[in-house]
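Visitor: I have a structure open and would like to go through some of its parts. Can you take my questions as they come?

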Amino acid sequence: MMAQRADLTPIRGMKYYYPPDDAELVFKDGTARVSYGGLSIPLLDEDYEALEGEPSYDVVGRGIYQALRANPDCSFCERYAALLRDAYPHYLAELASNAIMLDGKDVEVPYLDRKINCLKVLALLEPENAGLPLEIGKTFLDRGLRLSALHLSTVSLYRAEHFLRRAVSFAPEDRNARRLLGEVCYLLGKYGDAAGLWRDIVAGSGPADAGGLAGRLARIEEGRLPLIPTVDYLEAVGVAFSQFQAGDFEESLAILQDVVRDPVFREEFAVAEIHSVMGKCFAELGMPKYAEEEFREALKIDPDHEESRSRLAHLTE
């Protein structure tokens, strides 16, 4: 065991073990063997410290599995995934089960990150499976629109674009992949790309199937667009929410007022929470009349927005 090489990805809570060239994993009561000699192996710190000789089959599997879950883009990720496939199929089954369990659930951002990592590991073993980058891209898109992670919108949406472009390249006729990629391109201000992706969908769909795409496509072609790319507004809203949490109500309010002045953004992204935070800012600044107006606007967008309803009732009682 030697010092960590510079080309290895550091992973918190793990150290690398360097097996001899002839090292093998022996399992199934000695009837199965897989070579792993010469491959740097990530091990949990506690397993590394307890080593006496070569690590056991269980220790190697536990380390590789945790490393891929923590960072599926790490050094030698493809080889680690192949080891899971060949020697630890139960771990792959667990990854797939976790991804399925999280699919379609309204979960918090850390769980979306966990789902993305699970899918990335599976994609290492099926690099041409269009369904995996499609699901990864869709999850990044979801992440980029979460109110609790708007400060990460730009990064999330560019990652979504990357994976959705891969999905479309593998399955050019997949309408869902093209629709989602068009959505991401629109949010990033790539309106020509969005229009090109949506045109065929709108042309080949009935009014119900096309949903709101026809109207959005018409707005692109007529030049009725947000003043700046939507992703920049989303990032600004994230900053405004952070300023509100920090107690800088004037700055938070100023940012949100700039955002909602854009009529196209206001129409396409009517978000009750924006108006609710504006209302709370006005209330903190001693302007109850304006606060009341914002809480009413929030309730127009979402009649079930309980905080706005409660604060409005307090102001008008």
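This is a predicted model: local features need pLDDT of at least 70, side-chain atom pairs count only at pLDDT 80 or more; totals for chains, interfaces and linings use all residues.

Visitor: What span should helix 15 have, and what does the model give?
Guide: Helix 15 covers residues 272-284, and at 1.5 Å a residue it should span 18 Å. Its end C-alpha atoms are 18 Å apart, which agrees.

Visitor: Which residue with a positive phi follows helix 15?
Guide: Gly-286, with phi near 75 degrees. Helix 11 is likewise followed by a glycine with positive phi: Gly-223, near 80 degrees.

Visitor: Which residues of helix 11 are buried?
Guide: In helix 11 (residues 213-222), the buried ones are Leu-213, Arg-216, Leu-217, Arg-219 and Ile-220. Seen down the helix axis they fall within an arc of 160 degrees, so they line one face of helix 11.

Visitor: Why would residues a few places apart share a face?
Guide: An α-helix has 3.6 residues a turn, so residues three or four places apart point the same way.

Visitor: Back to helix 12. At what angle do helix 7 and helix 12 pack?
Guide: The angle between helix 7 (residues 153-170) and helix 12 is about 145 degrees, and their axes are 9 Å apart.

Visitor: Which residues meet there?
Guide: From helix 7, Ser-153, Thr-154 and Leu-157; from helix 12, Val-231, Leu-234 and Glu-235. By type, the residues of this contact divide into three nonpolar, two polar and one charged.

Visitor: Changing topic: how many disulfides are there?
Guide: The count is zero. Take Cys-118: the closest cysteine sulfur to its own is that of Cys-74, 14 Å away, which is too far for a bond. The cut-off for a disulfide is sulfur atoms within 2.5 Å.

Visitor: Is Cys-118 buried or exposed?
Guide: Buried, because its relative accessibility is 2% and the limit for buried is under 20%. Cys-281 is also buried, with a relative accessible area of 0%.

Visitor: What about Ser-308, where does it lie?
Guide: Ser-308 lies in helix 17. At 0% relative accessibility it counts as buried.

Visitor: What is Ser-308 in contact with?
Guide: Leaving aside neighbours within four places in sequence, Ser-308 is in contact with Ser-276, Phe-295, Ala-298 and Leu-299.

Visitor: Last topic, backbone angles. What is phi for Lys-28?
Guide: Positive, about 55 degrees, although Lys-28 is not a glycine. Most residues other than glycine have a negative phi.

Visitor: Where is Lys-28, and is it buried or exposed?
Guide: Lys-28 lies in the loop between strand 2 (24-27) and strand 3 (32-35). It is exposed, with a relative accessible area of 59%.

Visitor: And what is phi for Phe-76?
Guide: Near 65 degrees, again a positive value in a residue other than glycine. Phe-76 is in the loop between helix 2 (57-70) and helix 3 (77-87). It is partly exposed, with a relative accessible area of 25%.

Technical notes. Residues are numbered from 1 along each chain as its sequence is written. Side-chain values use heavy atoms; hydrogens and water are left out. Helices (H or I, at least four residues) and strands (E, at least two) are DSSP runs, numbered from the N terminus. The expected span of a helix is 1.5 Å times one less than its number of residues. Axes are lines fitted to C-alpha atoms, for helices over the stretch in contact, and angles run from 0 to 180 degrees between N-to-C directions. Contact means heavy atoms within 4.5 Å. Ala, Val, Leu, Ile, Met, Phe, Trp, Tyr, Cys and Pro count as nonpolar, Asp, Glu, Lys and Arg as charged, and the others, Gly among them, as polar. Buried means under 20% relative accessible area, exposed over 50%, partly exposed in between (1.4 Å probe, protein chains only). The arc is that of the directions from the helix axis to the C-beta atoms.
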